[in-house]
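Here's a quick briefing for anyone meeting this structure for the first time. Have a look at the sequence and the model, then read on.

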Amino acid sequence: MGPPAIIAPSILSADFATLGAECSAKMHEGADWLHVDIMDGHFVPNMTFGAPVVTKIRSHVARPSQPLGTGTFDCHLMIMEPHRWVKDFKKAGCDLYCFHYEAAVSSVAATEPADKTTTRRTSPKELIRYIHEEGMQAGIAIKPDTPVDVLWDILGNKEEIERPDMVLVMTVYPGFGGQKFMASELPKVKALRERYPNLNIEVDGGLGLGTIDQAADAGANVIVAGSAVFGAQDPKDVIANFFKTLTNQTVTVELKNDIRIRGTLKSVDQYLNIKLDDVDVLDLDKYPHLSSVKNMFIRGSVVRYVVLPRSEVDVGLLEDATRRGSLWDAYAWMQKPPIKPGKLDSPFNTQNTYGPFLRVNYTDENNNGNQTGHDGGNRDTSVSDDHLLMGKGMQWDGIEGVDCTPM
Ligand SMILES: O=C(CO)[C@H](O)[C@H](O)COP(=O)(O)O
């Protein structure tokens, strides 16, 4: 069996004003590593931050208990002269120092060995040794224009200390998040995997819905994604927005204490706190004290279901929420996924969804909204022939006629 599937969100797309909290949140959501992009404005036409910021965010994420374990700071040094910063990043809390092959071979010391201001540790092999001696794991990255062949000599080194722990194949030109995935780089991944079944092979750039699988199938086991993770609209917001479109419609709300209330939806917020007018309490004989109540504000936390007119259900919008949720499933919740049968190097089983969002099932009329076959709690949701029933803390499984298979 190949190396484990590793999920490494790129914090390049995070809100830098709240970077520590964002890093911590991603770890709690299921990330294995954090991919920390360091750009110097020379090696790439963009700048991010340096070791002092890494020091600060390190305090928000527990250190890995073993090399390449959970919490690894996977620092991607898109900088010139990568040998100069090894000690600083070690001190800052970097665990995996991944430099660019192109930067190492074009460094001042490599091109002008007589230069006394730089150390000799500039050839990729020597730099890898240096990183290891400093107590970090070493990664080597290649840009799209660099052939994978340059790595054979480095990977084939007899000296273990001079061999990298990871190879990063860039699937965009480095410098910016949100670029288009370059499938043209996948043959490099394939060639690496064929020669090195146990090597950690990372891909970075344009990974998301529809490209994660391609990269995994080629043999990548460390998946970096930035904008797909940080930029995705939270499906819960999509669902709340959907509810808002039902303002002035008649809905039935079933509370967790079994009271069912029908009324006109006046407002709903992202927590599914609901305001109803023209209220009718069903089963009034059981709850006569509610007979005079005409307007209600219902806290989302007490709602079990909201029953909506089927004709008002915007399947397209919910399908979109599903796909976003599925991407999230396929990324953030798959940190220990089963391996696809027959594809031992493919870390993702996208048939399994353990999404945190909306789970909807069709049930027959008599099912009364109690689904079967689901894990994960939060199953306050079902669809009957007439109604879509949705509860708070919902998860999405599918609507008949809607393809909810994760992409
Ligand atoms: O190294 C990078 C850019 O140089 C980023 O890590 C990478 O591009 C991730 O961003 P996205 O997933 O949005 O493409």
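Asp258 is partly exposed, with a relative accessible area of 45% (buried is under 20% relative accessible area, exposed is over 50%, and partly exposed sits in between, using a 1.4 Å probe and protein chains only). Keep in mind that this is a predicted model: local features need pLDDT of at least 70, side-chain atom pairs count only at pLDDT 80 or more, and totals for chains, interfaces and linings use all residues. Residues are numbered from 1 along each chain as its sequence is written, and side-chain values use heavy atoms, with hydrogens and water left out.

**Salt bridges**

- Asp258 pairs up with Arg304 in a salt bridge, 2.8 Å from N to O (the term means a side-chain nitrogen of Lys or Arg within 4 Å of a carboxyl oxygen of Asp or Glu).
- That pair links distant parts of the chain, 46 residues apart: Asp258 is in the loop between strand S9 (250–255) and strand S10 (260–268), while Arg304 is in strand S13 (residues 303–309). Helices (H or I, at least four residues) and strands (E, at least two) are DSSP runs, numbered from the N terminus.
- Arg304 is partly exposed too, at a relative accessible area of 21%.
- In total, the structure holds 13 salt bridges.
- Another one joins Glu159 and Arg129, whose closest N and O atoms are 3.6 Å apart.
- Glu159 lies in the loop between helix H7 (152–155) and strand S6 (166–170) and Arg129 in helix H6 (residues 124–133), so this pair ties together parts that are 30 residues apart in sequence.
- Glu159 counts as partly exposed at 41% relative accessibility, and Arg129 counts as partly exposed at 23%.
- Arg129 and Glu159 also belong to a network of salt bridges with Glu133 and Glu162.
- Lys275 and Asp277 make a salt bridge as well, with their closest N and O atoms 3.8 Å apart.
- Lys275 is partly exposed at 36% relative accessibility, whereas Asp277 is buried at 18%.

**A buried charge without a partner**

- Glu102, found in helix H4 (residues 101–105), is buried yet has no salt bridge.
- The nearest side chain of opposite charge is Lys143, 5.6 Å away (Lys and Arg count as positive, Asp and Glu as negative; His and the chain ends are not counted).
- What Glu102 does have is a polar contact of 2.5 Å between its side chain and that of Thr146. A polar contact is a pair of N or O atoms within 3.5 Å; within protein, one must be able to donate a hydrogen and the other to accept it, and residues adjacent in sequence count only if both atoms are side-chain atoms.
- Leaving out residues up to four places away in sequence, Glu102 touches Phe43, Ala141, Ile142, Lys143 and Thr146 (contact means heavy atoms within 4.5 Å).

**Around the ligand**

- There are 19 residues around the ligand, and Asp37, Gly175, Gly178, Gly226 and Ser227 come nearest (to count, a residue needs a heavy atom within 4 Å).
- Strand S2 (33–39) and strand S3 (72–78) each supply at least two residues of the shell, and S2 gives the most, with three.
- A backbone N or O atom of Gly175 lies 2.7 Å from an oxygen atom of the ligand; for Phe176, the backbone distance is 3.3 Å.
- Ser227 uses a polar side-chain atom, 2.5 Å from an oxygen atom of the ligand.
- The protein covers 100% of the 360 Å² of accessible area that the ligand has on its own (Shrake-Rupley method, 1.4 Å probe; for residues, only the protein chains shown count as cover).
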